[in-house]
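These are my notebook entries on one protein chain model.

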Amino acid sequence: MALNIYKASAGSGKTYTITNEYLRWLLPVAKFNPSAFRSVLAVTFTNKATGEMKRRIVEALNDVAENKHKQAVTSLCETLRMTPEELTKSAKALRTAILHDYSHFAVSTIDKFFQKIIRAFMHEADLSPEYTVELDTERLLDESVERLLQESLQDELLSAWLHLFVEERMEDGKHWDIRNELKERGKEVFKKDFDKKSADKNFLNGYVNELKKITDEFENEMKKYSAESLKILDDNNLCADDFKYKKGGAFINYFSHIKKNKYEPGKRAIKAQDDINEWYGNDADKNIQIDQIYPTLNACLTKAIALYKEKYIHYNTAQQIQRNIYSLGLLADIANHIRIISKEENVMPISDSLHLLDKLVSGSDAPFIYEKTGARFQSFMLDEFQDTSNMQWNILKPLLENGLAESGNTLVVGDVKQSIYRWRDGDWRILAEKLDKDLRAFDPIHKNLDVNWRSAPVIIHTNNELFGKMPQLLQQMLADSFKEADYDDKDLHNAITEAYTNTAQKVASKNAAEKGYVHIETLDKNDDDASTKDKALQKVNDLVNDLKKRGYPLSDIGILVRTKKEGQAVADMLLENGISVISQDSLFVARSPFVQFVMGILYQAIYQDDSINRKSIENFLKKREITIPSDFDEWLAALVQQSLAEAVETIIAHFKPTETDLPFIQELHDIILMYSTKESGDIYSFVEWWAEKNDKQMLAISDEQDAVKILTIHKAKGLQFNVVIIPFCRWKLEPKPNTLLWVQCHEAPFNSIQKLPLNYTSQLADTHFRSDYFKEKTQAYIDNLNLLYVAFTRAEKELYVFTTKEKNTVGSLITACLGNDCFDAGEQSSPVTADSENKTEQTLITWNDYPSKPYINHLKLRYSDEKKNDDAVTSWRDNGILMHRAFSEIKTAKDVETSIQSIILQGFVENNPIMIAHLRKSIEDALQQPEAAPWFDGSWEVQTETDILLPNTDGQFHSLRPDRVMIKNGKVVVVDYKFGENEPTHYEEQVKNYIDCLKKMGFPEVEGFLWYVNKKRILSINF
């Protein structure tokens, strides 16, 4: 049994260490138990990391089995005390076992492992076996916000809260449309549980009234002193100029400030209490007047300052809570709607998995969990442990404890300095503190991987110097802010410096002679923001061109930015200068001019009176020197009658895309195919969906393309480049304004709610939440220093950084450490090209024309019942079949159009306007029958074409499939549709079988009907 905790700094070979440990654990036992690998679980955080770890383990195992690397084999033989023959024999046995039982080769993302546990606990968690994990939480959020807004039309209390939320936003100078704000705030529901009080508007109203009472009492009393004092001054014809320091700093101004809701007394006001010498000005006559009013005014001043000292923290706490209390109430409603939608759709938001597991695992014994998952893991490997959340740790901890207690091994690998995912609830303190504390019974062994195998010596030395000094500077800044606020927290005294202890890395012997280069330049501090940005962009352009001249492939260059907006600015600049780039933003499908044109055409087909959209279409065609067709309006009218896929094909065939448009058009086709399989295939719905989701659709492209890669620092974690450029190294150290904090107050009456959302602001330093404020400030300092560390350690050979001296930014830290505005170290060089001969030459497949024709010219769908000599008129005979298919997708009267579009897309009917109109009218007439209409009003829980599985006497099964089953208030109605003219008696027997089956399923009240739709006759079936 061993618990090893590796501190693995950037480039220190952690994947190699994990691979080596995996072999060390399994090779000694593989000769007599090759399946022992099934008891080892390796956990990572991304699919890419999972694939890489599996590949590295199998390759290393194969190398040992084939004795390819003598040095590795010798090292393992010495460590494991095995002969080379024994080692290779074990390696071959283990390799065979893994390849023959690959599904039990347990290298998994943490999310997949947790899903496996949930699947095992479906019964205990009251989950349906068919549930799916919903990754698109934004879709759930959008739908829940829309339902919330609809609900507010009938719910007066909810409507009032929304109005208050709007007023709060408008007071802050924000837009009145709250949809986006609700969706942005709504993301919190996937991170937090809400107590029941949060959803109780009556309780919250009472809570708000308590808060208002606190703020009103304080303000009224303070303003009473202010009004009384100002009246005395006015009655005596005195002003600030008559007192010491005059208007520029007279303490008497404090009373005017109170009137403007500024309650903090200045140093001169505090000093003036009970000391008349701090009151006298230069005018002797005025001083006589001051003597007369001094007793009354001094009493007002003393009482106001005393009240401030006694109650301002209470007052300010109430104020800060009020700023977000409406968000809390609405978030609870959004969370409730998400639960309802999830239940309706039988899905589970990925975020709910952790909450559910946390409740399931809490108090359970680990062996039970193992048995339910179908595997007994004894040994664990946890990679990137600094990104683990507290809830994930709560779930993993009992498994590790059980494994260690049963003589298993645990390997934990992480680096506090690379913890940059706190916004996903990652908590580096678990690695730094909690892991040792929780597993101290197992004597954890700490090891430090301090050799950097990635970077050139000059990069390593520069980073050692910078990240040795910067934590100390940040810690001092934090100490200064503590002192200024008269606050102290011993837990935070050395939080930053302790996170960065032993940061210095050694140079790998193989890289000792490597040339390398570091250039850090502080741009002119007198430039305004725009010109500083332009200057940085120009330097990036010059630098990329210089690297090209020196022989660097573009794919060797990584440009790291803090935000997508910055990345877009760099991508636009490089593309304008003819330099190929791969960037998240440049690959958005919606950025393609031709895709924008296609979507503009679809929009114009629906909204033909939109003159602005029409003008943009004309501008596009004019730019491409294409004449607008004379029959354009008629063409648009015909277009809207087609299915979505047909319409897009028609547009492409009519307006030929250029070669640069083709990848985006191909991706658009894939998006349409994906959309049509999940949603209705009509143009209107897709245009509406595109308006909301186009910013999420990316063009798939190979990473092997020779182009500069532009990434956010978060996306660059785990990657490395020969050359790294950081053009805008100037992000703020403090949290972003209005960052949401979830806090708890133990002071009455604020403690009535367990968790409260507050906006991060310096004003929190004067509330009961000051501890939360300073903890968040400390965490933000560490987060931003970690971002800098990750960015600076991606470079292998050359690192270029452009920064500024703006206060409280990472740039100010860098310049403070370096002591000058320009730092150069090392020597620029050209890349070694000796390996180029070994590189596989890539063949790029391109085409100059996109094959596209209107569907009617090259494709005719054959319907399932269509004979060779049938023509379009034939389908009229099959109206019953089409009606039956349509009814199978109709649950409420609102589903008619969706159903029709579905059978068109599936090829069951031609998109013939006359035929479709006839089908639509037939369905609508049927649904208006008095006896049938209530079945489609939306008040029933409906199942259509759903199998009921029944056992046979021989142990096999058969199924019944009623057309429509409806449930409401315990009552069940089963309906079978018939579209023919005859009424055979076996139809009634069929419905009786359905009724009998449903009663055996536990439904006491069941009614059955035969509905002869074309004859407008509904027959009740008695059983």
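**Entry 1. A helix across strands**

I began with helix H29 (residues 770-792), which lies across strand E11 (517-522), strand E12 (557-561), E15 and E18 and runs at about 145 degrees to E15. I worked from a predicted model, in which local features need pLDDT of at least 70, side-chain atom pairs count only at pLDDT 80 or more, and totals for chains, interfaces and linings use all residues. Residues are numbered from 1 along each chain as its sequence is written, and side-chain values use heavy atoms, with hydrogens and water left out.

I took helices (H or I, at least four residues) and strands (E, at least two) as DSSP runs, numbered from the N terminus. For angles I used axes fitted as lines to C-alpha atoms, for helices over the stretch in contact, with values from 0 to 180 degrees between N-to-C directions. Contact means heavy atoms within 4.5 Å.

**Entry 2. The mixed sheet**

I then traced the open sheet of 7 strands, whose order is E13-E14-E12-E15-E18-E11-E19 and whose pairing is mixed. Two strands pair if DSSP finds at least two bridges between them. At the edges I found strand E13 (581-583) and strand E19 (822-826), each pairing on one side only. From one strand to the next, the twist averages 15 degrees.

Within this sheet I checked strand E15 (residues 721-729) against strand E18 (residues 795-803): the two are parallel and share 6 bridges. Opposite Val 724 I found Leu 799 in E18.

**Entry 3. The parallel sheet**

I followed another open sheet, of 6 strands in the order E3-E2-E6-E7-E1-E8, with parallel pairing. Strand E3 (107-109) and strand E8 (445-449) each have a single partner strand, so one side of each is left without a neighbour in the sheet. I noted an average twist of 20 degrees from one strand to the next. Helix H5 (residues 110-120) lies across strand E2 (40-44) and E3, at about 95 degrees to E3.

I next asked what pairs with E6. E2 pairs with E6 in the parallel sense over 4 bridges, and Val 40 has Ser 379 in E6 as its bridge partner. Strand E6 (residues 379-382) is also joined by 3 bridges to strand E7 (residues 409-414), again running parallel. Here I recorded Phe 380 opposite Thr 410, and Leu 382 with Val 412 as its bridge partner.

Which way do the side chains of E6 point? Ser 379 and Met 381 point one way, Phe 380 and Leu 382 the other way, and all are buried. Buried means under 20% relative accessible area, exposed over 50%, and partly exposed in between (1.4 Å probe, protein chains only).

**Entry 4. E20, E23 and E24**

I found strand E20 (residues 941-944) joined by 4 antiparallel bridges to strand E23 (residues 964-968), with Ile 967 as the bridge partner of Glu 941. E23 also pairs in the antiparallel sense with strand E24 (residues 971-978), over 5 bridges, and Lys 968 stands opposite Lys 971. The hairpin of E23 and E24 has 2 residues between the strands, and Asn 969 takes a positive phi near 55 degrees there.

Val 942 is buried, at a relative accessible area of 9%. Leaving out residues up to four places away in sequence, I found Val 942 touching Lys 891, Arg 964, Val 965 and Met 966. Val 942 and Lys 968 are 26 residues apart along the chain, with 9.2 Å between their C-alpha atoms.

**Entry 5. Gln 568**

I located Gln 568 in helix H21 (residues 564-576). Gln 568 is buried, with a relative accessible area of 13%. The side chain of Gln 568 makes a polar contact with the side chain of Asp 572, at 2.6 Å. A polar contact is a pair of N or O atoms within 3.5 Å; within protein, one must be able to donate a hydrogen and the other to accept it, and residues adjacent in sequence count only if both atoms are side-chain atoms.
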